[in-house]
Amino acid sequence: MLAHALRSVSECVVVTDMTDRILFVNDAFLRTYGYTEDELIGGSIDIVRSPNNPREITESIRPATFDGGWSGEVLNRRQNGEEFPVSLSTSVVRDENQRPIALIGVACDITERKRNERELVQAREAAESADRAKSQFLAAMSHEIRTPMNAVIGMTDLLLHTALTPDQRDYVHTIHKSGESLMTILNDILDFSKIESGMFGLENRPFEIRTAVDELIKLLLPKAIEKGLALRYQIDADVPAIIEGDVTRFKQVLINLIGNGIKFTEIGNVTLRFSARPGAGGGVEVICEVRDTGIGIPRNKLDKLFKPFSQVDASTTRRFGGTGLGLVISKRIVELMGGTITAESIPDRGSTFRFSIHTKTATPKPAATNQAPAPETNLASQYPAKVLVVEDNQVNQRLVVIILNQMGYEPDVVDNGTHAVIAAQRRNYDIIFMDLHMPDMDGLEVTERIRDMTDIRMPWIIALTADVLASDREKCLNAGMNDYIGKPIRRDEVYAAIHRWAQNSV
Ligand code: ADP
């Protein structure tokens, strides 16, 4: 019975005497190694051993076998010469006097398992390298796109502060706002990985819903008109004029939904409706609805909409373009705003996307956007200062210098960290505008060096940063900077920063 049982197990079993001569093999052994019983019985077990195993292993097997047993992986050889990996366990059979009389080997062909393991490792390496390539690509793209966008936004900002006809002002304003929206979208694509890792924060400031919506409509109307679609909106009377929240993200959700509405509609219209109801905890819930009369979405595809990189129909990518990220980001933003987003649709009739946000009403405060240019006050005569600009990018450099010139300042300019340190040492600057990323020495290090100087009057250092995260701003302050302004650099921000310096230096 035992012999029968041994014969039929799926592992390969072999029994040898103390001189390695084969006494018994089971059926699995014969199948796996490709021999007949006659070819093996009485012969040496060496026939299945491979000379290609590391010596330390082959030499350790026998002593270990006598010392309680050995198990591990080795190479074996089939009758046709093919080598293959096995997982092997060996043990000793002893007589009643504890004298060893035979050796047992149980082996399992692990060719398949090894191949799977190898494929898994290869797949993981390929995925990791693709992921690295993606990150590098995103980083490079971010830089490449940001730089010209900074110029578009910065220069239109300057243009807005010159004498323009109302029409011209409106056009430039639209360019300016479109540039900003593009920048936002770019940042969000870059931030997608941050969203995934839960490192995505929102601002909380009062903003006017109507102004935000007006800007959106202005931005998107040309697209709608081009397709012959009507784009309408309605804000119910109970919607508060000013709410607290992150206006950029709020607009981004709407841009995405309206943009999709326009994209996926050929005839008819896209309508927005804003309503409100009392929210939990004394706040207010603002509900935004975007309805279109477009191609619609099949019922069974609705739940896929909010998953990354999913598009209802792969062919839509070709027809309509898009990343498939818009709705994912939107969903996350809405959730961070304490709300939910849903979609309803009837194929060929149209879709309705609805989202809510939880917020507080805020008291009116004059909006800074779209206003007439501030009077050209000569700030330099009011607050004289020796100013240094440290910036390696030529366009940004020019931008800051033009802005400062307009305010009456005559700044010195350097384009790298080393020169910044030397300049700071030589002349006692009152204010230094400091770029963060420079090829030789970054702005943080330059700041630390300046802070270590003993024989100068300490300047007020203002970081010029494209990094939007609060943690990056903290880094600036920790390095010894006094203030920061974000890129794209805006005249108003430079103005405000100089004011803050003046307030602090009295
Ligand atoms: P993108 O539009 O960049 O592809 P989104 O996440 O915004 O990415 O949308 C994902 C997919 O959902 C779209 O590709 C489209 O198939 C579908 N979709 C979104 N909005 C609409 C809509 N209003 N009408 C029809 N299909 C839509």
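This is a predicted model: local features need pLDDT of at least 70, side-chain atom pairs count only at pLDDT 80 or more; totals for chains, interfaces and linings use all residues.
Biologist: Let's start with confidence. What pLDDT does the chain average?

Modeller: The average is 87, and 89% of the residues score at least 70. Residues 366-373 are another matter: pLDDT stays under 50 there, and the model has nine contacts for them beyond four places in sequence.

Biologist: And what does the chain as a whole come to in helices and strands?

Modeller: The secondary structure comprises 16 helices and 17 strands. Of the 506 residues, 42% count as buried. Among contacts with a separation of 6 or more, 62% are between residues 24 or more positions apart.

Biologist: On to the rings. How many aromatic pairs does a search of the whole structure find?

Modeller: Four. One of them is Phe29 with Tyr33, a stacked pair.

Biologist: What makes Phe29 and Tyr33 a stacked pair?

Modeller: Two values do. Their centres are 4.1 Å apart, and rings pair when the centres lie within 6.5 Å. Their planes are 15 degrees apart, and planes under 30 degrees apart count as stacked. The two residues both belong to helix H2 (residues 27-33), where four residues, about one turn of the helix, separate them. Phe29 and Tyr33 are both buried.

Biologist: Which residues do ring pairs link into a cluster?

Modeller: Phe29, Tyr33 and Phe84.

Biologist: Now a pair with another geometry. Why is the pair of Phe250 and Phe355 called edge-to-face?

Modeller: The planes of Phe250 and Phe355 stand at 70 degrees, with the ring centres 6.3 Å apart, so the pair is edge-to-face; the angle has to be over 60 for that label. This pair links distant parts of the chain, since Phe250 is in helix H8 (residues 247-263) and Phe355 in strand S12 (residues 350-359), 105 residues apart. Both phenylalanines are buried.

Biologist: Let's look at helix H16. How do you know that the buried residues of H16 line one face?

Modeller: Those residues are Arg491, Val494, Ala497, Ile498, Trp501 and Ala502. Viewed down the axis of H16, they fall within an arc of 140 degrees, so they line one face of the helix. On the other side of H16, Gln503 and Asn504 are exposed.

Biologist: What span does H16 reach, and what is expected?

Modeller: H16 (residues 491-505) has 15 residues and reaches 21 Å from its first C-alpha to its last, close to the 21 Å expected at 1.5 Å a residue.

Biologist: Why is Ser330 called buried?

Modeller: Its relative accessible area is 2%, and buried means under 20%, so Ser330 qualifies. Ser330 is found in helix H10 (residues 326-336). The buried residues of that helix also include Leu327 and Ile333. Leaving aside neighbours within four places in sequence, Ser330 contacts Val253, Asn256 and Ile341. Just after H10 comes Gly338, with a positive phi of about 80 degrees.

Biologist: Some residues other than glycine have a positive phi. Where is Asp20, and is Asp20 buried or exposed?

Modeller: Asp20, with a phi near 70 degrees, is in the loop between strand S1 (12-16) and strand S2 (22-25). Its relative accessible area is 14%, so Asp20 is buried, the cut-off being under 20%.

Biologist: And what makes Gln98 exposed?

Modeller: Gln98 has 53% relative accessibility, and exposed means over 50%, so the label applies. Gln98 is placed in the loop between strand S4 (83-94) and strand S5 (100-109), and has a positive phi of about 70 degrees although it is not a glycine.

Definitions and conventions:
Residues are numbered from 1 along each chain as its sequence is written. Side-chain values use heavy atoms; hydrogens and water are left out. Rings of Phe, Tyr and Trp (its six-membered ring) pair if their centres lie within 6.5 Å; planes under 30 degrees apart count as stacked, over 60 as edge-to-face and the rest as tilted. Buried means under 20% relative accessible area, exposed over 50%, partly exposed in between (1.4 Å probe, protein chains only). pLDDT is the predictor's confidence in each residue, from 0 to 100. Contact means heavy atoms within 4.5 Å. The expected span of a helix is 1.5 Å times one less than its number of residues. The arc is that of the directions from the helix axis to the C-beta atoms.
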